[in-house]
Amino acid sequence: MSGKFLRVLDGEKFEVPPVWMMRQAGRYLPEYRETRAKAGGFVDLCLNPDLASEVTLQPIRRFGFDAAIIFSDILIVPYALGAKLWFEEGEGPRLEPVTDQASFGKLADQPDRKITERVYEALVQTRAALPKETSLIGFCGAPWTVATYLVAGRGTGDQAPARLLAMQEPALFQKIIDRLVETSAEHLIGQIKAGADAVQIFDTWSGVLDPQSFERWCVKPVAAIAAKVRAAIPDARIIVFPKGASLNGIDAVAKQSSANAAGIDWITNRKECAVRFGDNVAIQGNLDPLALIAGGEALDKAVDNVLGELRGVRHIFNLGHGIRKETPIENVERMIARVRR
Ligand code: CP3
């Protein structure tokens, strides 16, 4: 019998929902900081199967979440296509930018298997070490979100470089998106074959596009990835996360990709979302990550709100975005105890 997390993806609901957290392996944990220091850089940690597996398991050992998410990054796909990638300490990712036909032409057609195999090896090791009832999640970034980093060469406040390129050179931008669709689908298939029980597609910056652009750059590419994954693995379980999108947008992504679940951020009206989805799509979310920093009664109330409003719904308890590094560990313990009481 599979664990609760998979059973919700497969159609069941529970009085006490399964729980995990986006970015659950990370800097709020002292054991993560220690392993990261041992690895050298962040990219080295992502590409070291022993250490990536170790940090994936750390939050499972400490908190007993229902699911583990493989430790990696959405920028590993462009890196495997040949874009240089590094992390500026205290700032964030830097990539060799793709801004024109010449820089696009330098990208490979296929990801370098020497790089992606390291992720698959980490999955194999992690699956072997996980308790049977704990599910393992693989992931990729959605093409739009990965393109925002690839075009700008870094994170940006408003994703203006990618939005501009999509307006000024739609044909070139389409080629970038298509390359990411192909290679991300291949990467998800590789992760499932290596032992991932489900995969999540992170579209962190889907909230900055007008409706037509959202349809073209978010809905269609994510649906195309899902179709490719299911063509290879018909019963693949897929979670979409169009962060910042409207209810209509979330609904379109979930339905056009036949997702098993959709992640929602804390802005989304979860009750309305549940009405839209009915029993067709599970909801994953959506505690405000700041409630987890606030702690105490504010946290209890926020947790109770999520649980109360999603009672009777196919629900996976999660945050509305990744946990922040300043989050006290005792608040994570308190949240889990509250969900499971
Ligand atoms: O959820 C998990 O525990 C799995 C691992 C995971 C990471 N990144 C590890 C990470 C996942 C699923 C991601 C996804 C990711 N990466 C996204 C989409 C989800 C989201 O959070 O919006 C994005 C946009 C990225 C790109 C990225 N990686 C940025 C912008 C940054 C810097 C910001 C930051 O928090 O420092 C990263 C670094 C990163 N990826 C860290 C972790 C644990 C922190 C790096 C460190 O140890 O210094």
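User: How much space lies in the largest pocket?
Analyst: About 1400 Å³. A pocket here is an open set of points on a 1 Å grid over the protein atoms alone, where a 1.4 Å probe fits, with protein on both sides within 12 Å along at least five of seven lines. The volume is the space filled by probe spheres set on the points, which are joined across faces, edges and corners. This is a predicted model, in which local features need pLDDT of at least 70 and side-chain atom pairs count only at pLDDT 80 or more, while totals for chains, interfaces and linings use all residues. Residues are numbered from 1 along each chain as its sequence is written, and side-chain values use heavy atoms, without hydrogens and water.

User: Which residues are closest to the centre of the largest pocket?
Analyst: Arg23, Arg27, Asp73, Phe87 and Pro93, out of 42 lining residues; a lining residue has an atom within 4 Å of a point.

User: Which element gives the largest share of that lining?
Analyst: β3, with three residues. Strands are DSSP runs of E (at least two residues) and helices of H or I (at least four), numbered from the N terminus.

User: And the lining by class?
Analyst: It has 20 nonpolar, nine polar and 13 charged residues. Ala, Val, Leu, Ile, Met, Phe, Trp, Tyr, Cys and Pro count as nonpolar, Asp, Glu, Lys and Arg as charged, and the others, Gly among them, as polar.

User: What about the second largest pocket: which residues lie nearest its centre?
Analyst: Glu15, Val16, Pro17, Leu307 and Arg311, among 15 lining residues. About 250 Å³ of space lies in this pocket, and α15 supplies the largest share of its lining, three residues.
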